[in-house]
Amino acid sequence: MNKLLGYIFSPLFYLAFFLSLIIFHPIQWICYRFFGYRAHKISVDILNFFLTYSDLFLLSSVTFKNEQELPTDRPIIFVANHQSLYDIPALIWFLKKYHVKFISKIELTKGIPSISFNLKYGGGANIDRKDSKQAISEIIKLGRRMKENTWSTMIFPEGTRSKDGHVKPFQVGGIATLLKVVPNALIVPVAIENSWKIVKYGTYPLRVGEQLRWTVLTPIEPAEKMPEDLVMEAELAIKKIVN
């Protein structure tokens with residue numbers, strides 16, 4: 001029955017999702033070219049509001065729980081598990097006041113309405129996974145921007161999306177590199193649940209009626225801890241919620 005409903009509601013979801021991307025592409029361009037970073041960011045935030053609530057067309061619920069009092073005057077490294085493309089809009093929308101940036105594959109900076117433009121000009125790091133030197137250099141530049149502007153970064157340390165919802169082992173590299181540049185950054189785990197179920201059948205049909213949840217967990221002070229210990233602590237905190 002779920003698959004049958006997916007055939008009915010998936011087109012509505014895709015229409016809302018991609019129409020939002022197409023409409024906001026020229027809006028982003030105008031905001032960035034004529035009004036600068038702040039206006040561009042507002043346009044991106046609003047875009048991701050519409051992308052997030054496109055999930056309603058799949059009869060899915062969206063719950064973002066953040067009971068933490070996070071600072072806005074200090075860089076934050078958000079550490080999350082990764083289940084699907086649809087993890088990201090809610091993270092941008094609900095964490096908008098923290099100026100969250102992403103580390104993305106450089107291939108994504110071309111050809112995707114709105115998304116490619118934001119990745120190219122939004123201040124994140126676009127890395128070539130085949131060129132480790134370039135990747136490290138871009139992450140270091142991102143760390144400097146975090147430090148100068150009190151921005152935050154979202155990292156998915158699993159490296160790839162989980163297709164069954166189970167959290168894969170976290171990798172340390174990106175977080176360790178950022179901490180070298182921004183050693184005082186607060187580590188904040190975020191647990192993402194059930195978005196993998198949307199794409200259980202692939203890109204079409206999508207599953208309907210899922211309870212999509214994002215939970216911001218207790219921050220971790222870097223203090224004098226090793227990056228490996230910080231990442232392990234974040235991984236275990238997320239696994240308590242997800243696995």
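This is a predicted model: local features need pLDDT of at least 70, side-chain atom pairs count only at pLDDT 80 or more; totals for chains, interfaces and linings use all residues.
At 5% relative accessibility, Asn48 falls under the 20% limit and therefore counts as buried, and this residue belongs to helix α2.

**Asn48 and its contacts**

- Leaving aside residues up to four places away in sequence, Asn48 touches Pro89, Ile92 and Trp93.
- The C-alpha atoms of Asn48 and Leu91 are separated by 8.7 Å, although the two residues stand 43 residues apart along the chain.
- A polar atom of the Asn48 side chain lies 2.8 Å from the backbone oxygen of Val44, and Val44 is itself listed among the buried residues of α2.

**Ser43, also in helix α2**

- Ser43 is found in helix α2, and its relative accessibility of 4% is under 20%, so Ser43 counts as buried.
- The side chain of Ser43 places a polar atom 2.6 Å from the backbone oxygen of His40, and His40 is another of the buried residues of this helix.
- With residues up to four places away in sequence not counted, Ser43 touches Phe24, Ile27, Gln28 and Cys31.

**Helix α2 as a whole**

- The buried residues of α2 are Ala39, His40, Lys41, Ser43, Val44, Asp45, Leu47, Asn48, Leu51 and Thr52.
- These buried residues pack against α1 (2-35), β1 (61-66), α3 (88-94) and α4 (115-121).

**Helix α6 and strand β6**

- In helix α6, which runs over residues 173-181, the buried residues are Ile175, Ala176, Thr177, Leu178, Leu179 and Val181.
- The cover over the buried residues of α6 includes β2 (76-80), α5 (132-149), β5 (152-155), β6 and α8 (227-242).
- Pro189 lies in strand β6, residues 186-193, and counts as buried because its relative accessibility is 0%.
- Apart from residues up to four places away in sequence, Pro189 touches Val79, Thr215, Val216, Leu217, Thr218, Pro219, Ile220, Ala234, Ala237 and Ile238.
- Pro189 and Phe24 are 165 residues apart along the chain, and their C-alpha atoms are separated by 30 Å.

**Salt bridges**

- Lys141 and Glu138 form a salt bridge whose closest N and O atoms are 3.5 Å apart, and both residues lie in helix α5, 3 residues apart, about one turn of the helix.
- Within this pair, Lys141 is partly exposed, with a relative accessible area of 37%, whereas Glu138 counts as buried at 18% relative accessibility.
- Lys239 and Glu235 join their side chains in a salt bridge with an N to O distance of 2.9 Å, and both residues lie in helix α8, 4 residues apart, about one turn of the helix.
- Lys239 counts as partly exposed at 27% relative accessibility, while Glu235, at 7%, counts as buried.
- The side chains of Glu210 and Arg207 also meet in a salt bridge, at 2.7 Å from N to O, and both of these residues are buried.

**Nonpolar surface patch**

- Met1, Leu4, Tyr7, Ile8 and Tyr204 make a nonpolar surface patch of about 580 Å², and one of these residues, Ile8, has its place in helix α1.

Methods
Residues are numbered from 1 along each chain as its sequence is written. Side-chain values use heavy atoms; hydrogens and water are left out. Buried means under 20% relative accessible area, exposed over 50%, partly exposed in between (1.4 Å probe, protein chains only). Helices (H or I, at least four residues) and strands (E, at least two) are DSSP runs, numbered from the N terminus. Contact means heavy atoms within 4.5 Å. Patches are made of residues with over 30% relative accessible area and no salt bridge: like charges are joined within 9 Å, nonpolar side chains (Val, Leu, Ile, Met, Phe, Trp, Tyr) within 5 Å. Accessible areas come from the Shrake-Rupley method with a 1.4 Å probe; for residues, only the protein chains shown count as cover. A salt bridge is a side-chain nitrogen of Lys or Arg within 4 Å of a carboxyl oxygen of Asp or Glu. A polar contact is a pair of N or O atoms within 3.5 Å; within protein, one must be able to donate a hydrogen and the other to accept it, and residues adjacent in sequence count only if both atoms are side-chain atoms.
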